[in-house]
Amino acid sequence: MNPLVKVKNFVFGTGRMAFLGGSPVYYGWLLFLLILICQGLLAYSHQFQLGLISTGLRDSVSWGFYIGNFTFLVGVAAAAVLLVIPAYLYNWKPIREVVIFGEMLAVAAIVMCLLFVCVDMGRPDRFWHLFPIIGHMHLPSSIMAWDACVLNVYLIINLFVASYLIYCAYNGKKYNPKIVVPLVILSIPMAVSIHTVTAFLYNGMASRPYWNSAILAPRFIASAFCSGPALLLILFQILRKVSDFDIKDEAIQKVAEYMAYAMVLNLFLYGAEVFKEYYSNTHHLVHYKYLFSGLHGQTSPIAVYAWMSLAFAVIALVIFLIPKLRMTPMTMNIGCVLIYFSVYIEKGIALIIPGYTPDTLGQVYRYVPSMTEVRVAMGVFGIGFLIFTLMVKVSVAILFSPDRKVAHA
Amino acid sequence: MNDPTDISPAAAEPQELGTSRREFIIGTFYALAAAALASGCAADQLALDEFVQKHFKDLTPDELKKTIARMEKKYWEEYGANIKINATPPIPGVLYGYALDLSRCIGCRRCVYGCIEENNQSRNPSTPWITVLEMDKEGGVDLANADAFYDHEQVPAPGKFYMPVACQHCENPPCVKVCPVEATWKEPDGIVVIDYNWCIGCRCCITACPYGARHFNWSTPIIPKDQINTNTEYLGNRPRPRGVVEKCTWCIHRVRKGQYPKCVEVCPVGARKFGNLLDPESEIRYILENKRVLILKEELNTQPKFFYYYGL
């Protein structure tokens, strides 16, 4: 068959699988996502007309909710490694078949990351200035330019591997390990690098003592190893219920065990940071004071979130440390939701805002996200979840439907 | 007017004038479409030229001339003012330096207002390039307890001293290092400049600057038409678009022609000094060699060329 015809068949075939033959709940979910996306587009068009003044951001606090979400999602994307490492390095079978979901989650998360960067840009029309050759990529000195490189390479690798695996399965062929395995191995250091480079983006700013800490990158990796798998574990259980996708309890338990280690490390590193600031008690402590209480006698609007995030992390850790609780689906799921939101708040609010408050000249601007920012962020999440949902629908139909399985056998 | 038998002139009119009205509507439609197409093409051409515009350093002299002509035309349409854009090169053998006498400054903010007018800064929202900090004489230079929003009937307030802060024109500028697209750089005469037509508005530089010197155009800048300064520089005080970063350039449009920056000129107490660091006879060199001088946040190794000193 002509390869072009084959690709055309694949595109139309998977398109049918994505949109046809779903349950009412599936279509309801798609509709919900579409509504999210539409209201996000409306909010963005408002921002596009007025400028970024429609956000709560100002010169004092010049990055906020958008960049916080971006940082969180880089972590989610990076967490795919947690599943890839045991599957390919140790050839551990039960996890191997679920690696593709990690890769698809990475694709959706990176798309959301890039969208969050775009909506935060003052001049999105000049995005091409960041391209090699036609633009001016400021390498090697700009960490932002490095970040753009690694994020895009990581997106391309994961998009290619995921669609190649699906493509092969669609055509009833076995994938070529000589293509897949090196790329998957490459994606492991890439995953570490995207989150490390993103941490360096903040870490390298000597002007902001709150971020200027050597353990920022390790903290990013540790927290990503908590939030990403939490999302995947919940997804696997949903898929196991509603489709023919099968995952062994053994695999879920293994991932949960890794998460417990990551949570210990995450809180340990956080504690180390907090100790250093409070014990040395220098001028730089003002940022932690703003995070946990407030400055100049005024309560900080983010303090309640900071405490919430910490409480969630501690409760989730207790659940995951006690084997009995970790192995009970109910409590494990509560733990997953708690750690997911703990990391979300930590990256979305507690990481960025205190870095800017007070600002470099000691002035306090009490930033809170505007309604526009919240709505645009919801729209971006809508797009990401839509991409992920469609990819999962297709891959479950191809890889795990009973008739396909028979065909393979 | 629900009565169907109503045959008032108002109701009858459309029927009588039906044909001519239809013609009129169609005619208007074509005229509007033609106008929209024509203006659309012109606007598209302008927008396209703007979209594909190169980095300042990549422009050939010919391209630079055309770009400046295009910008001046656009400014004319926007502000009704004959704005002249220069691209004055740096003077060889000059490295600018600035000194500010903390014992003289009275916190009157005349420099702030002079700067706003001279540099075509937006009046609403206001993003002044100079921030004057008020601090306690007892506490010394202590940014954590500084107030940028003091509002007294009379200055100086008792027990207070004042520290104006703007771009420090660092020898080792962190803002330049972090820019992902090289939209900001240090010129040979030491002035850190921004290409407003290349900046993508990511605000990395605002985050990297330890002096709060960089400001973002959160909305379209508003400058009263009669208050435009028409003497401008490409890398300096020409009106900026929305969504890009701006900051003090030591009045690049003045200093490269041998004038003082506006803030030096308007300071009523002579607290501000400016000159060539490479000239041993200059006033700035005299101050550095004979006064007690300090720089802000020296531990960050940014090496500012803006020096504070105690002259009295």
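Two residues are taken to be in contact if their C-beta atoms, placed from the backbone, lie within 7 Å. Among the contacts in chain B between residues at least 6 apart in sequence, 66% join residues at least 24 apart. The structure is a predicted model, in which local features need pLDDT of at least 70 and side-chain atom pairs count only at pLDDT 80 or more, while totals for chains, interfaces and linings use all residues. Residues are numbered from 1 along each chain as its sequence is written, and chains are lettered from A and ligands numbered from 1 in the order in which they are written.

The confidence of the prediction is described through pLDDT, the predictor's confidence in each residue, from 0 to 100. Chain B has a mean pLDDT of 90, and 86% of its residues reach 70 or more. Over residues 1–18 of chain B, however, pLDDT stays under 50, and the model has 4 contacts beyond four places in sequence for this stretch. Where pLDDT is low, the predicted coordinates should not be read in detail. For the complex, the predictor gives an ipTM of 0.92 and a pTM of 0.90.

Helices (H or I, at least four residues) and strands (E, at least two) are DSSP runs, numbered from the N terminus, and chain B has 9 helices and 12 strands. A residue is called buried if 20 or more other C-beta atoms lie within 10 Å of its own, exposed if 12 or fewer, and partly exposed in between, with C-beta atoms placed from the backbone. Of the 312 residues of chain B, 40% count as buried.

Between the chains, 42 residues of chain B are in contact with 36 residues of chain A. On the side of chain B that touches chain A, at least two residues each are supplied by strand 3 (131–136), helix 5 (174–178), helix 6 (204–208) and strand 7 (215–216) of chain B, and the largest share, 4 residues, comes from helix 6 of chain B. This side of chain B divides into 27 nonpolar, 11 polar and 4 charged residues, where Ala, Val, Leu, Ile, Met, Phe, Trp, Tyr, Cys and Pro count as nonpolar, Asp, Glu, Lys and Arg as charged, and the others, Gly among them, as polar.

Chain A is divided into domain 1 (22–203 + 371–409) and domain 2 (212–219 + 249–369), with bounds that come from an automatic or database domain assignment. The centres of domain 1 and domain 2 of chain A, taken over C-alpha atoms, are separated by 23 Å, and 27 residues of domain 1 of chain A are in contact with 26 residues of domain 2 of chain A. On the side of domain 1 of chain A that touches domain 2 of chain A, the largest share, 7 residues, comes from helix 3 of chain A, and the residues of this side divide into 15 nonpolar, 10 polar and 2 charged.

Some local backbone features were also found. In chain B, a cis peptide bond with omega of about 0° joins Asn124(B) and Pro125(B), and Pro125(B) has its place in the loop between helix 4 (110–118) and strand 3 of chain B. The peptide bond from Val155(B) to Pro156(B) is likewise cis, with omega near -5°, and Pro156(B) is found in the loop between strand 3 and strand 4 (160–165) of chain B. Asn301(B) has a positive phi of about 60° although it is not a glycine, and Asn301(B) counts as exposed because it has 11 C-beta neighbours inside 10 Å.
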